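Work through the exercises below with the sequence and the structure at hand. Each task is followed by a solution in steps.

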Amino acid sequence: MDLQHFTYAGLLLGTLAIPLALSFDQKVRFWTKWKYLFPAILITAILFIYWDIQFTKAGIWSFNHDYVLGYFYKGLPLEEWLFFLIVPYACLFIYEVLKAYLQAYEFPRIFAALSLGLIVLFGLLSFFHQSQLYTFFNFLFAAVYLGYTIFRNRFRQHLSKFFFTYLITLIPFLLVNGALTAIPVVEYHSEHILNIRAFTIPVEDFGYLFLLLLMNTTIYETLKEQKYY
């Protein structure tokens, strides 16, 4: 096996290393929240992996065999399965760090208004691009779930930290996903995306990250509030 086959695995390991090492910080105490974290990650992962399997089967995206370890299940490389465990772990670690160290910074009205604007934007993108399946489903799901979060879920009190987390997460996202799409480890069918890219990253991936983080965070907070064990 050549060194290049460890590319995707190496990127995931780099993503996990710092959050895992700092999970025992005495102020954040992230490890004490794992009983809420892992169920949230697993619930979300089931939904996203099903989506991933169907889109891979349909040829909307594919994985370059030269840059993965070569262990596939349901058409997905092992690394892709691990992606939905490792990336949410890292993101929710950032979320808890912000809650611990930036408690005073809350702007619920501003972020509620921003959320309403994003619901409209995501809805319009989905409506006007129904033939581009990644664009359509990605922004449709994001609009629906964000709408549920704002109007039904008791998540408004956490909106500030969620949006701050998303913005900070964009830094490693640009590095990791930039590498995945530049090499490329992941390739997208041009007929199913807008073909608008930030560097090499399709704009749809930013909505995908938003939805992945939002779903993990809302389920995580719901489990904490219900004192799930």
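**Exercise 1.** Decide whether Glu221 is buried or exposed in this predicted model, and find the residues that its salt bridges join into one network.

*Solution.* 
Step 1. Buried means under 20% relative accessible area. Glu221 has a relative accessible area of 3%, so Glu221 is buried.
Step 2. Glu221 forms a salt bridge with Lys224, with the closest N and O atoms 3.8 Å apart. Because these two residues are 3 residues apart in helix α7, about one helical turn separates Lys224 from Glu221.
Step 3. Salt bridges with shared partners join Glu96, Lys99, Glu221 and Lys224 into one network.

**Exercise 2.** Which parts of the chain does the salt bridge between Lys224 and Glu96 link?

*Solution.* 
Step 1. The side chains of Lys224 and Glu96 meet at 3.0 Å, N to O.
Step 2. Lys224 belongs to helix α7 and Glu96 to helix α3, and the two are 128 residues apart, so the pair links distant parts of the chain.
Step 3. Lys224 and Glu96 are both buried.

**Exercise 3.** Classify the two partners of the salt bridge between Glu106 and Lys161 as buried, partly exposed or exposed.

*Solution.* 
Step 1. The side chains of Glu106 and Lys161 meet at 2.6 Å, N to O.
Step 2. With 33% relative accessibility, Glu106 counts as partly exposed.
Step 3. With a relative accessible area of 2%, Lys161 is buried.

**Exercise 4.** What is the volume of the largest pocket, and which residues are closest to its centre?

*Solution.* 
Step 1. The volume of the largest pocket is about 540 Å³.
Step 2. It is lined by 27 residues, of which Phe83, Val87, Phe173, Val176 and Asn177 are closest to the centre.
Step 3. Elements that give two or more residues to this lining include α1 (7–21), α3 and α6 (159–182).

How values were computed
Residues are numbered from 1 along each chain as its sequence is written. This is a predicted model: local features need pLDDT of at least 70, side-chain atom pairs count only at pLDDT 80 or more; totals for chains, interfaces and linings use all residues. Side-chain values use heavy atoms; hydrogens and water are left out. On a 1 Å grid over the protein atoms alone, a cavity is a set of points where a 1.4 Å probe fits but cannot get out, and a pocket is an open set with protein on both sides within 12 Å along at least five of seven lines; lining residues have an atom within 4 Å of a point. Grid points are joined across faces, edges and corners, and a volume is the space filled by probe spheres set on the points. Helices (H or I, at least four residues) and strands (E, at least two) are DSSP runs, numbered from the N terminus. A salt bridge is a side-chain nitrogen of Lys or Arg within 4 Å of a carboxyl oxygen of Asp or Glu. Buried means under 20% relative accessible area, exposed over 50%, partly exposed in between (1.4 Å probe, protein chains only).
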